[in-house]
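Here is a walk through one protein structure. Please look at the sequence and the model before reading on.

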Amino acid sequence: MLHSLGVHTLQLLTQVAACILLFPRFLLTALMLWLLDFLCIRKKVLLVGSRAEEEACPGQEPPPDDPPVCVSDSNRMFTLESLKAVWHGQKLDFFKSAHVGSSAPNPEVIQLDGQKRLRLLDYARGKRPLILNFGSCT
């Protein structure tokens, strides 16, 4: 019972520490989403204003490299769903086992015959790199 309580306490502390570490990154990403939404809405408002001017001056054409902007309430970036997805992505990135500059993870793998279990890095030979190909034949 005491061991279980200690494990749950450690998991809770890990989650709290992760939240404290991830919160600044999350706020920065949320700010970027808000700015993108703001810029898209601003561009749409300016386009509506420029179209009114074009109707007054029909000789001018919009630049050809300027794509149309379609911003509505249904495709906004700064929504609760997008913020949840950003938070979930930040947590997945924080808790992943592989990080740049650290040693590679070495999970256990089972050979095709199902008889022998080895570690992934057991297949590496000398200084040659181990290449994993997760391709598809379809």
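Rings of Phe, Tyr and Trp, the last taken by its six-membered ring, count as a pair if their centres lie within 6.5 Å. By this rule the model, which is predicted, has three aromatic pairs. One of them joins Phe-23 and Phe-26; this pair is tilted, with 6.4 Å from centre to centre and 35° between the planes. Both residues belong to helix α1, where they sit three residues apart, about one turn of the helix. Phe-23 is partly exposed, at a relative accessible area of 42%, whereas Phe-26 is buried, at 15%. Another pair is that of Phe-94 and Phe-95, which is edge-to-face: the centres are 5.1 Å apart and the planes make an angle of 85°. Phe-94 is partly exposed, with a relative accessible area of 28%, and Phe-95 is partly exposed too, at 38%. Ring pairs also link Phe-23, Phe-26 and Trp-87 into a cluster.

Phe-26 leads on to the nonpolar residues. The largest nonpolar core has five residues: Phe-26, Ala-30, Leu-33, Leu-83 and Val-86. Two elements, α1 (2-56) and α2 (80-95), each give two or more residues to this core, and α1 gives the most, with three.

Ser-82 lies in helix α2. Is this residue buried or exposed? Ser-82 counts as buried because its relative accessible area is 19%, and the cut-off for buried is under 20%. Beyond its neighbours within four places in sequence, Ser-82 is in contact with Leu-33 and Met-77.

As for annotation, an unreviewed UniProt entry places a "transmembrane region" at residues 12-36. Over that stretch the chain is 100% helix and 0% strand, and the end C-alpha atoms are 35 Å apart.

How values were computed
Residues are numbered from 1 along each chain as its sequence is written. This is a predicted model: local features need pLDDT of at least 70, side-chain atom pairs count only at pLDDT 80 or more; totals for chains, interfaces and linings use all residues. Side-chain values use heavy atoms; hydrogens and water are left out. UniProt positions are given in the numbering used here, feature names are shortened, and annotations may be inferred rather than shown by experiment. Helices (H or I, at least four residues) and strands (E, at least two) are DSSP runs, numbered from the N terminus. A nonpolar core is a set of buried Ala, Val, Leu, Ile, Met, Phe, Trp, Tyr and Cys residues joined through side-chain atoms within 4.5 Å. Buried means under 20% relative accessible area, exposed over 50%, partly exposed in between (1.4 Å probe, protein chains only). Contact means heavy atoms within 4.5 Å. Rings of Phe, Tyr and Trp (its six-membered ring) pair if their centres lie within 6.5 Å; planes under 30 degrees apart count as stacked, over 60 as edge-to-face and the rest as tilted.
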